Amino acid sequence: MVLQFLLGTIVSLMNIMIHALVMVGAIGIARSAGLRHTVWPRLHLMAAMVATAAVLMVAHTLESVVWSAAYLMAGVAPAGSDLVYFAFVNYTTLGYGDITPVETRRLLGPMTAMNGILLFGWSTAVLFEVLRKTVEHLAAIETRD
């Protein structure tokens, strides 16, 4: 059990670092895009939100792949299991249950879910902040015009 906690903690910290790196980039890009005067401000808002959401989806996919690599190294699922799928199911807290972990490694599934739900919450906060800042910028543009 201690080794599962250790592995789960290491993978979670790796994913938090990946997410932090992506967040810094996404916020930087959103800020620089927000400083531009646009001809079509509503389209600008939509583009900023779509771009931010797409980048975050790529980050979550990468983080699920990191979990699947850990599953492979630790022998979490029965031989022949689709580990990327299994990691995604756990990371998103979907929990289909069609693949179950081997008994000696079953703690890693809930740790994956805990990491995923934390990072999805963080992503939601950033999406809201990008929306808020972009709307604020668009309001300032409309006031000047």
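Mentor: Let us begin with aromatic pairs. Rings of Phe, Tyr and Trp (its six-membered ring) pair if their centres lie within 6.5 Å; planes under 30 degrees apart count as stacked, over 60 as edge-to-face and the rest as tilted. This is a predicted model, in which local features need pLDDT of at least 70 and side-chain atom pairs count only at pLDDT 80 or more, while totals for chains, interfaces and linings use all residues. Residues are numbered from 1 along each chain as its sequence is written, and side-chain values use heavy atoms, with hydrogens and water left out.

Trainee: How many aromatic pairs does the structure hold?

Mentor: The structure holds four aromatic pairs. One of them joins Y71 and F86: the ring centres are 5.3 Å apart and the planes stand at 50°, so this pair is tilted.

Trainee: Which helices hold Y71 and F86?

Mentor: Helices are DSSP runs of H or I with at least four residues, strands are runs of E with at least two, and both are numbered from the N terminus. Y71 belongs to helix α2 (residues 41-74) and F86 to helix α3 (residues 83-91), so their pair ties together parts that are 15 residues apart in sequence.

Trainee: Is Y71 buried or exposed?

Mentor: The classes rest on relative accessible area: buried means under 20%, exposed over 50%, and partly exposed in between (1.4 Å probe, protein chains only). Y71 has a relative accessible area of 1% and is therefore buried. F86 is also buried, at 4% relative accessibility.

Trainee: What is the geometry of the pair formed by Y85 and Y96?

Mentor: The general idea is that a pair of aromatic rings is described by the distance of the centres and the angle of the planes. For Y85 and Y96 the centres are 6.3 Å apart and the planes are at 20°, so the pair is stacked. This pair links distant parts of the chain, with Y85 in helix α3 and Y96 in the loop between α3 and α4 (108-144), eleven residues apart. Y85 is partly exposed, with a relative accessible area of 26%, whereas Y96 is exposed at 56%.

Trainee: Which residues do ring pairs link into a cluster?

Mentor: The cluster consists of W67, Y71 and F86.

Trainee: How does the reach of α2 relate to the expected value?

Mentor: The expected span of a helix is 1.5 Å times one less than its number of residues. With 34 residues, α2 reaches 50 Å from its first C-alpha to its last, close to the 50 Å expected at 1.5 Å a residue. Just after α2, G75 takes a positive phi of about 65°.

Trainee: Which backbone oxygen does the side chain of S12 reach?

Mentor: The side chain of S12 comes to 2.8 Å from the backbone oxygen of G8. S12 lies in helix α1 and is buried, at 11% relative accessibility.

Trainee: How many salt bridges does a search of the whole structure find?

Mentor: A salt bridge is a side-chain nitrogen of Lys or Arg within 4 Å of a carboxyl oxygen of Asp or Glu. The search finds three salt bridges. E129 bridges to R132, with the closest N and O atoms 2.9 Å apart. E136 bridges to R132 at 3.2 Å between the closest N and O atoms, and to K133 at 3.9 Å. Salt bridges that share partners join E129, R132, K133 and E136 into one network.

Trainee: Why can residues three or four places apart point the same way?

Mentor: An α-helix has 3.6 residues a turn, so such residues point the same way. In helix α4, E129 and R132 are three residues apart, about one turn of the helix. E136 and R132 are four residues apart in helix α4, and are thus separated by about one helical turn. E136 and K133, also in helix α4, are three residues apart.

Trainee: What are the relative accessible areas of E129 and E136?

Mentor: E129 is partly exposed at 30%, and E136 is partly exposed at 44%.

Conventions. A polar contact is a pair of N or O atoms within 3.5 Å; within protein, one must be able to donate a hydrogen and the other to accept it, and residues adjacent in sequence count only if both atoms are side-chain atoms.
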